[in-house]
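I opened my notebook for a new chain today. Here is what I looked up, in the order I looked.

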Amino acid sequence: MDINKELAELKKRPDFADNVGMILIHNGVVRNWSRDEHSPVQSLEVIPDQKMVEAFRQEYLAKPGIWEILVEAKSGIFHPGDDLLYIIVAGDIRENVKAVLAEILDKIKGEAIGKKEILV
């Protein structure tokens, strides 16, 4: 996902200014250490359930004040520093947008993405 391009496209929509007062972006990257043991990570295999990701996107798009949600959940083998997951949430006010970004991120990471760390 080219974040700058996506933001420019969102801003071109005729109803953008009427509905958006905040845009939050999550850009998840591969760490070079494991969460549990802090062991060095060589690579990470990621398998997202794209249908579930889209179902969550639709669910959270219906929340009050949310105008648009874009998600790109990559699949494959990645190395430390590689981008894995992009989420853009655009909506009216920070209370709505912050909550939705946090919730959809946790849902996607917790339920829709399988991953396997390959340690050094």
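I began with the surface: the chain exposes about 7100 Å², and carbon and sulfur atoms supply 50% of it. Accessible areas here come from the Shrake-Rupley method with a 1.4 Å probe, and for residues only the protein chains shown count as cover.

A note on what I am reading: this is a predicted model, in which local features need pLDDT of at least 70 and side-chain atom pairs count only at pLDDT 80 or more, while totals for chains, interfaces and linings use all residues. Residues are numbered from 1 along each chain as its sequence is written, and side-chain values use heavy atoms, with hydrogens and water left out.

Next I checked burial. Of the 120 residues in the chain, 34% are buried, meaning under 20% relative accessible area with a 1.4 Å probe, protein chains only.

The C-alpha atoms fill a box of roughly 50 × 25 × 25 Å along the principal axes. I listed four helices and six strands, in the order α-α-β-β-α-β-β-β-α-β from the N terminus. These are DSSP runs, numbered from the N terminus: helices are H or I with at least four residues, strands E with at least two.

Which strands make up the open sheet? I found three, in the order S4-S2-S6, with antiparallel pairing; two strands pair if DSSP finds at least two bridges between them. Strand S4 (76–78) and strand S6 (113–119) are the edges, each pairing on one side only. Neighbouring strands of this sheet are turned by 20° against each other on average, direction ignored.

I followed one pairing in detail. Strand S2 (residues 41–48) runs antiparallel to S6, and seven bridges join them. Val41 has Leu119 in S6 as its bridge partner.

Helix H4 (residues 94–112) lies across S2 and S6, at about 70° to S6. For such angles, axes are lines fitted to C-alpha atoms, for helices over the stretch in contact, and angles run from 0 to 180 degrees between N-to-C directions. Contact means heavy atoms within 4.5 Å.

Is strand S3 (residues 66–73) mostly covered or mostly open? Mostly covered, I noted: six of its eight residues are buried. S3 pairs with strand S5 (residues 83–91) in the antiparallel sense over seven bridges, and Val71 has Ile87 in S5 as its bridge partner.

Last, I looked at sequence range. Among contacts between residues at least 6 apart in sequence, 73% join residues at least 24 apart.

Technical notes:
Buried means under 20% relative accessible area, exposed over 50%, partly exposed in between (1.4 Å probe, protein chains only).
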